[in-house]
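These are my notes from a first look through this structure. I went element by element and wrote down what I found.

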Amino acid sequence: MTIVIDAGHGGKDPGAKIDEELESKIVESIAKKIKALNGNEDLKIILLREDDSFVSLSDRVNKINEINPDLLISLHLNASKNTNEKGVNAYVSSQNEFYEKSLVKANILIDNISNNTLAKGGVKDANLYIIKNSKCPAILLEIGYLSNENDKAYITSEKGKNEIVNGILKFLKQ
């Protein structure tokens with residue numbers, strides 16, 4: 001099975017920024033951990049970016065469709081003016097031909113990542129470029145809110161990152 005992990009944003013597009021924490025750097029480190037801690041020979045993990053470089057959405061989609069993976073997970077962090085908003089959420093696109101499969105997988109993925117520290121959110125339909133145009137089941141995963149103090153502390157800690165990564169790997173091996 002081939003999985004593409006897209007660390008969202010990068011380079012000139014840092015994504016959400018709260019204090020000194022950058023979404024692009026955090027999701028990049030989580031993506032690298034997923035690949036490094038994958039001990040399953042039957043699970044091939046391909047990272048779309050392995051450094052803090054900018055990759056356009058069209059370049060990401062072209063590369064994903066070239067690879068033709070079994071699943072795409074695009075990693076992101078949320079931010080909100082409402083600092084009480086928290087938890088892990090996912091987006092899938094009803095305009096993607098693999099919508100039903102994406103929806104089922106997204107719900108299972110959220111179940112595997114949410115825990116006592118990271119609240120379980122929901123799966124929403126969104127016509128975001130990367131998940132709409134990828135020719136495979138595609139999930140855009142929002143791993144919590146940088147704008148929420150508890151989520152931020154968890155997401156930026158080594159313990160939190162490791163638990164998130166282990167949840168993602170557990171999901172991928174199901």
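**Helix α5**

I began with α5, residues 149-156, and looked up its buried residues, which are Asp151, Lys152, Tyr154 and Ile155. They lie on the same side of α5, because they cover an arc of only 165° around the axis. The model is a predicted one, and I read every entry here with that in mind. The general rule for an α-helix is 3.6 residues a turn, so residues three or four places apart point the same way.

I then turned to the face of α5 away from its buried side and found the exposed residues Glu149 and Asn150 there. What do the buried residues of α5 pack against? I listed strands β2 (17-18), β3 (21-22), β5 (71-78) and β8 (138-145), together with helices α1 (23-37) and α6 (158-172). At the start of α5 I noted Asn148, which has a side-chain oxygen within 3.0 Å of the backbone nitrogen of Asn150.

**Helix α2 and the residue after it**

Next I looked up the buried residues of α2 and found Arg60, Val61 and Ile64. Seen down the axis of α2, these residues fall within an arc of 95°, so they line one face of the helix. Their cover includes β1, β5 and α4 (129-133).

Asn68 follows α2 and has a positive phi, near 55°. I placed Asn68 in the loop between α2 (57-67) and β5. Is Asn68 buried or exposed? I found Asn68 exposed, with a relative accessible area of 53%; the cut-off for that word is over 50%.

I kept a note that most residues other than glycine have a negative phi. His9 has a positive phi too, of about 65°, and is not a glycine. I located His9 in the loop between β1 (2-7) and β2.

**Nonpolar cores**

How many residues does the largest nonpolar core have? I got 36 residues, and those with the most contacts inside this core are Ile73, Leu75, Leu141, Ile168 and Leu172. Helix α6 gives the largest share of this core, 6 residues. Another core lies apart from it, with 13 residues, among them Ile46, Ile64, Cys136 and Ala138. I had already listed Ile64 among the buried residues of α2.

I followed up Leu172 by listing its contacts, leaving aside neighbours within four places in sequence. Leu172 touches Met1, Ile3, Leu43, Ile45, Leu71 and Ile73.

I looked up Ser24, which is in helix α1. Ser24 counts as buried because its relative accessibility is 1%, and the limit for buried is under 20%. Not counting residues up to four places away in sequence, Ser24 touches Gly8, His9, Gly10, Asp13, Pro14, Arg49 and Asp52. His9 in that list is the residue with the positive phi of about 65°.

Asn78 is in strand β5. Asn78 has a relative accessibility of 12% and so counts as buried. Which side chain does the side chain of Asn78 meet in a polar contact? I found Tyr145, at 3.3 Å. Beyond four places in sequence, the residues Asn78 touches are Asn89, Glu142, Gly144, Tyr145, Leu146 and Ser147.

**Charged residues and rings**

Glu158 is in helix α6 and is partly exposed, at 47% relative accessible area. I found a polar contact of 2.8 Å between the side chains of Glu158 and Lys33. Glu158 and Ile30 are 128 residues apart in sequence, yet their C-alpha atoms are 9.8 Å apart.

Glu20 is in the loop between β2 and β3. I noted Glu20 as exposed, with a relative accessible area of 68%. How far apart are the C-alpha atoms of Glu20 and Glu100? I got 38 Å, for residues 80 places apart along the chain.

Last, I checked the rings. Lys12 lies over the face of Phe54, at 4.5 Å from the ring centre. I also counted aromatic pairs, and the count was 0.

Methods
Residues numbered from 1 in each chain as written. Predicted model: local features only at pLDDT ≥ 70, side-chain atom pairs only at ≥ 80, totals over all residues. Heavy atoms only, no water. Buried < 20%, exposed > 50% of the residue type's maximum accessible area, 1.4 Å probe, protein only. Helix = DSSP H or I, 4+ residues; strand = E, 2+ residues; numbered from the N terminus. Arc of directions from axis to C-beta. Contact = heavy atoms within 4.5 Å. Polar contact = N/O pair within 3.5 Å; in protein donor to acceptor, adjacent residues only side chain to side chain. Phe/Tyr/Trp six-rings, centres within 6.5 Å; stacked < 30°, edge-to-face > 60°. Lys NZ or Arg CZ within 6 Å of the ring centre and 35° of its normal. Core = buried A, V, L, I, M, F, W, Y, C linked by side-chain atoms within 4.5 Å.
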